[in-house]
Amino acid sequence: MAPLTVQRRARAANKYAGPYFVALNAGGGWDPTMLTDPKGGTINKTFTAAATAGNLSYAPIEYKDDDSGKVAYTAKAFFEKYKDRLLVINGVDTTTNNHDTGSRITWSGMSTEGQPALAAMFAAQQTKDAPIPMAFLSNGGFDATEGVVQLTRSGSIDSLRRIAYPNVANVGDVGSEKPLSYFVTPDTQSRIAQAQAARLGAMRDAARLPVHAAGMNALYLARQSNDGLDLLANVLAGQKQVKNEDFPELKDVGNLGALQSLMQQAQLAVSAFTAGVAVSANLSIGGFDTHSNHDDDQSRMLIQLLRGLSYLYDAADAAGIGGNLYVMVGSDFGRTPKYNNANGKDHWNVTSVMLSGPGIAGNRVLGQTTPEFGLLQYDTALNPVSEGRHLEPRHIHAALRQKLGMAGGDVDKRFPVAGGDITLPLG
Amino acid sequence: MRTHPSGHRLSLLFPIALLAAGLGPVAAGCGSSDGEADEAAASECLSTKRYFQKEVWSAFMGGTCTKCHTPDGVAVSPEDPNQKPARFVLQPPSYPGFLDANLATLKEMASYSQNGTPILLQKPLGKLDHGGKVVLTEGSPEIKALTELVNRLNSGKEGGTCADAGTTALAGVTNLDGATLVRKATLDLAGRLPTADEVAQAATNDDAALDAILDGLMKEPVFLTRIREMFNDVYLTDKLLGYGGMAIDLMNDSNYPGLKPYKDSKSPEYMDTAKRRMINTAIAREPVDLVAYVVRNDRPFTEIVTAPYAIVNPYTAIAYGANVQFSNPSDYEEFKEVQVTLGSGVQVPHAGILSTPSFLNRWQTTPTNRNRARSRRVYSFFLATDLLKIAERPIDATKVTEGDNPTRNSFYCNVCHKTLDPVAGAFRGWDDNDYEKFTPDAKWHDEMFEPGFGGAKLPPDQYGAGVKWLGPQLTQDPRFYISAVQIVYKGLTGHEPLRFPSDSAAPDFADATAAWEAQDQFFAKTVEAFKASNTNLKAVVKAIVKSPYYRGVAPAPGASPARMRDVGTAKLLGPEALDRKITAIFGVPWIKQWEYEKAHSWLLEDFELLYGGIDSDNVTSRLAGPNGIASSIGWRMATETACHLTAWDFTRPKEQRRLFTVIEPAEVPEAAGHTVEGGVSAIKDNIVKLHELILGEKLAASDPEIERTYQVFYGTWKELTDAGAKDDLYWECQGRIDPLTGKDLPDGQKVTKDKDRTIRAWQAVVTYLLLDYKFLYHLANPQGRRTWNVGASSRSRDSVGWPSWRR
């Protein structure tokens with residue numbers, strides 16, 4: 001059979017230094033009219049007039065604890081603080097109201113199957129010559145890789161600390177003054193690793209079925225990239241997993257479990273970026289599919305989304321990587337401009353996206369919708385015209401690929417996105 | 001005369017004598033001597049199905065006709081409500097058995113003619129008001145091929161005695177021999193090593209002997225665990241295991257009064273957390289337990305959707321208020337069939353999984369969703385059909401709302417809803433908010449497509465028990481059986497079924513198509529065997545285990561990789577399977593050392609998701625291959641397991657050991673700077689045994705791999721000896737505690753010192769072997785070496801109480 005195309009690389013740990021990419025998914029289909037494309041009146045019962053922060057308009061929603069009346073967070077607090085880094089894109093046509101297809105088109109730019117997520121493609125490109133352990137870290141959402149990069153599921157900080165030093169018995173003492181105890185000596189560990197690599201290589205070279213060759217190749221590649229977890233462990237040393245109760249305004253406020261999960265996802269992502277072991281991360285928060293009880297549930301979820309995003313920005317800034325971090329926030333699609341009989345809103349193919357990152361000019365809004373929350377058509381320069389085309393995720397992805405330096409690269413060529421008929425001025 | 005659905009008056013043609021313009025008589029199949037029309041297949045004998053695949057579907061129909069004639073195509077679901085939908089509907093390759101389904105459609109369509117010529121041959125030429133105008137030209141190879149196909153279909157003649165493409169594609173594949181296969185299958189299906197007797201039986205390579213072994217394995221408890229795992233990977237009902245109480249919390253005690261004390265946090269029953277957890281588990285797992293029950297008792301698999309009963313064990317009996325007696329009131333595996341009556345007095349309309357509280361609560365509905373989400377799951381779980389794949393064309397929501405009732409009247413919506421809504425309607429009566437509540441006379445939504453399935457309407461006298469009607473309908477659909485086969489196939493091989501190649505211009509298209517055909521035919525034959533066994537799922541398991549897809553180790557001579565792309569397995573063991581394998585080989589799983597009594601497994605708890613498992617909620621698909629994190633977990637498993645078990649094995653008499661059956665710690669490779677020949681020989685002999693036990697490979701002591709492993713031993717021993725390492729073993733690696741009981745060993749039995757530095761060298765060897773591909777993956781033995789059992793069966797572990805936490 002054909003020889004395996006394994007790139008032999010030194011086992012020295014690679015450390016990635018940016019830029020980084022986060023895809024923050026609001027799972028289930030959010031309501032842009034309660035966020036960055038604010039529309040009151042009959043479309044929304046929760047507010048009457050939009051608020052502004054700089055050039056951004058937003059829905060002035062908030063979340064209060066039912067029992068204490070304490071305000072946990074507000075859209076105003078978010079947009080006032082982060083308006084200068086946010087580029088809002090409204091009036092995006094997902095062309096579908098199907099959850100799976102919507103997720104795929106939002107995060108890959110294409111509705112057809114077999115497309116990797118942008119986060120996966122970016123990780124693949126950035127590590128094609130220097131693999132790292134957790135290049136693409138996923139907490140769910142659309143995370144198809146199509147084989148361009150290994151996906152790593154997220155775990156708790158405690159679990160990762162334990163496996164970062166697989167040969168250290170007393171992992172709790174890593175980073176302290178106490179001496180480390182090893183199951184086998186470091187020299188023996190190295191001897192075992194070398195013998196294993198040689199044996200695996202021999203088996204792989206002798207494999208005759210493509211399934212076997214692929215399985216051995218996968219293990220071979222995984223072992224090439226497992227060094228460097230100690231870098232993550234060093235970053236995690238002394239860190240505690242973030243909880244809502246760490247923040248006075250969130251302490252004892254009910255129904256914010258999704259926020260705590262989102263902040264923990266963000267904490268680990270920032271730690272992995274800082275450690276140089278990850279390029280991109282999917283963060284995911286569900287609960288936006290509000291076919292009933294829309295106003296309460298949707299606003300509670302949106303507030304958690306904004307507060308979690310706030311945590312991500314702050315954590316990245318504190319770690320010194322905020323200026324090197326791209327963030328894309330999106331959802332499967334939008335929600336109808338009408339309420340259904342269950343006081344809910346159903347699926348609607350009009351949505352919005354928020355972007356931030358180096359070279360993306362903030363405090364701006366691109367695209368728009370009709371007063372009825374319908375779509376407009378645009379010319380190639382994004383000017384509204386009567387006969388043009390809708391703004392779609394493919395246009396955003398084409399522009400992002402340019403911004404991320406992916407355009408023309410191997411992955412971009414393998415998974416082309418046809419977005420050249422509207423040029424989005426990201427910055 | 002027949003009337004075409006379009007209204008044309010038609011005549012039936014059997015067979016066609018004169019065909020489309022420019023064509024002469026056409027061969028009815030290979031073996032015919034006409035020698036003209038079948039130009040494309042002149043050098044190859046093709047069955048009608050294969051002819052359709054090769055000369056029609058792949059050649060043009062899959063890329064041309066499907067532009068409009070798939071379920072969401074503009075011909076089938078026209079935007080203009082005044083346009084009559086085409087009856088010629090082609091299923092896309094994502095549809096299970098799409099080739100057979102489309103061939104059946106073509107057979108029907110081929111029988112309609114107008115003016116003496118089949119409509120199927122006129123429309124693509126742009127005649128008879130074909131909406132797509134001219135798509136094929138007269139005299140083209142495409143119309144000739146279509147003509148040949150129509151002629152075959154109308155004549156009823158097959159392709160003669162053609163060699164079967166599927167068979168030929170797999171011919172010549174080298175399979176694991178019986179003895180090697182039995183180790184793989186025993187670890188996989190029963191979570192243990194094979195007995196010497198089983199190995200001897202399998203070594204005969206006699207098919208009946210292998211069947212008998214597999215029959216035996218499928219009676220063991222772990223097999224049912226495997227079945228539950230495979231089907232939970234699809235149903236995802238284990239989500240309700242969450243925090244040990246989610247299933248109970250989702251139940252309304254007005255429906256199930258037996259749960260009232262277990263929902264009242266002040267009651268003593270609530271405080272009995274162990275029993276409460278078991279009740280929760282039993283409720284959550286009722287769907288997969290029903291599958292296991294059907295399989296264990298050799299019942300027809302169809303009962304998973306038709307069973308007119310619920311199964312209860314001692315725990316669900318409490319929850320459901322079932323008045324039945326159990327031989328052992330704490331035996332989870334003792335199941336009885338019962339009729340369940342809700343608190344309202346309404347009897348549950350039992351329909352296997354469809355009416356279980358677990359299914360209804362895991363896949364909830366809303367007043368506006370109206371069971372559509374459940375309908376989608378029904379298609380996905382039981383018919384291997386992803387409805388979302390038939391509705392991927394762009395939509396314009398602003399047009400969707402231009403008319404009333406868009407799910408029925410808008411072509412953007414009804415493309416899915418006309419399939420989705422009837423099955424949703426079969427769930428009529430199940431409450432939109434109180435999910436396991438059933439009200440037989442509840443009204444349904446007249447504006448939706450009528451309740452039913454596949455064109456059949458739910459009879460009015462069945463309105464009060466729609467799911468009881470739906471279950472048998474599902475089992476009449478060929479996809480029901482394909483679905484079961486594919487679930488087991490994926491569960492055993494780790495592979496998704498191959499996709500039909502979409503790029504006919506790809507250089508490996510022919511080989512990729514041959515691979516797909518072979519698998520398609522294998523599935524078809526397995527379905528036949530499944531049905532012939534009265535739909536006993538064990539027949540499917542046996543067919544797959546004995547197939548090249550499970551036991552292939554080398555390709556057919558000269559076969560390209562594309563043709564062999566799904567042959568053999570190379571599945572990274574998931575956390576559950578790896579946990580079982582460690583236990584099978586070492587007698588002890590990888591557990592947290594300070595919690596012997598609770599015996600928490602690292603792989604089933606802390607590392608379950610990181611090692612590729614699922615939580616049936618947010619993480620619903622298993623990791624296909626290792627990543628850096630999984631690789632590191634493998635390292636941690638290897639170092640800890642070797643540390644914990646190496647010295648412990650030396651605490652026991654040699655005849656009771658698993659690992660070191662021909663060696664003692666005092667046997668060293670060198671003494672006073674000279675090789676100890678007997679020592680080296682004994683060390684290598686034990687390494688040979690370890691390769692057999694841990695990796696399942698039988699090697700001679702002179703084999704290079706034994707030498708490689710010996711160098712790990714020797715290098716470690718030499719390193720420690722030259723460094724003058726102290727005698728004490730690291731505390732955690734000492735043989736002080738019996739890991740089977742967690743109790744201290746007698747002082748005289750403890751092994752805490754390693755004055756000869758051999759225990760640490762053996763620990764390195766065990767670590768090395770635990771990191772091996774052949775340990776971490778389902779045994780593939782790609783080099784074709786034979787293997788056999790050398791250790792005692794691990795069945796005895798049951799006697800030390802491990803299974804209690806494994807549930």
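A residue is taken as buried if 20 or more other C-beta atoms lie within 10 Å of its own. In the predicted model described here, this criterion applies to helix α10 of chain B, where 11 of the 15 residues are buried, so the helix is largely enclosed by the rest of the structure. The buried residues of α10(B) are B:Val222, B:Phe223, B:Thr225, B:Arg226, B:Ile227, B:Arg228, B:Met230, B:Phe231, B:Asn232, B:Val234 and B:Tyr235. Their packing partners in chain B are α7 (178-190), α9 (207-217), α15 (286-296), α19 (372-383), α24 (478-493) and α28 (575-586). The length of α10(B), which covers residues 221-235, agrees with expectation, because 15 residues at 1.5 Å a residue should span 21 Å and the end C-alpha atoms are 21 Å apart. Just after this helix, B:Leu236 adopts a positive phi of about 60°.

Chain B also meets chain A, in a contact that takes 64 residues from chain B and 66 residues from chain A. On the side of chain B, at least two residues each are supplied by α20 (397-400), β10 (552-554), α29 (628-650), α31 (704-723) and α32 (758-770). Of the elements of chain B, α29(B) gives the most to this side, with 11 residues. By class, the side of chain B that touches chain A comprises 33 nonpolar, 20 polar and 11 charged residues.

Chain A is assigned domain 1 (20-156 + 241-414) and domain 2 (167-239). The C-alpha centres of these two domains of chain A are 36 Å apart. Their contact draws 10 residues from domain 1 of chain A and 12 residues from domain 2 of chain A. On the side of domain 1 that touches domain 2 in chain A, six residues are nonpolar, four are polar and none is charged.

Chain A further contains an open sheet of eight strands with mixed pairing, in the order β8-β7-β9-β1-β10-β13-β6-β14. Its edge strands, β8 (151-153) and β14 (364-366) of chain A, each pair on one side only. On average, neighbouring strands of the sheet are turned by 20° against each other, direction ignored. Within the sheet, β1 (residues 20-26) and β9 (residues 280-285) of chain A run parallel and are joined by six bridges. A:Asn25 stands opposite A:Ser284 in β9(A). Helix α3 (residues 118-126) of chain A packs on the sheet, where it touches β1, β7 (136-138), β8 and β9 of chain A. The direction of α3 of chain A makes about 165° with that of β9(A).

Technical notes: Residues are numbered from 1 along each chain as its sequence is written. Chains are lettered from A and ligands numbered from 1 in the order in which they are written. This is a predicted model: local features need pLDDT of at least 70, side-chain atom pairs count only at pLDDT 80 or more; totals for chains, interfaces and linings use all residues. Two residues are in contact if their C-beta atoms, placed from the backbone, lie within 7 Å. Helices (H or I, at least four residues) and strands (E, at least two) are DSSP runs, numbered from the N terminus. Ala, Val, Leu, Ile, Met, Phe, Trp, Tyr, Cys and Pro count as nonpolar, Asp, Glu, Lys and Arg as charged, and the others, Gly among them, as polar. Domain bounds come from an automatic or database domain assignment. The expected span of a helix is 1.5 Å times one less than its number of residues. A residue is buried if 20 or more other C-beta atoms lie within 10 Å of its own, exposed if 12 or fewer, and partly exposed in between; C-beta atoms are placed from the backbone. Two strands pair if DSSP finds at least two bridges between them. Axes are lines fitted to C-alpha atoms, for helices over the stretch in contact, and angles run from 0 to 180 degrees between N-to-C directions.
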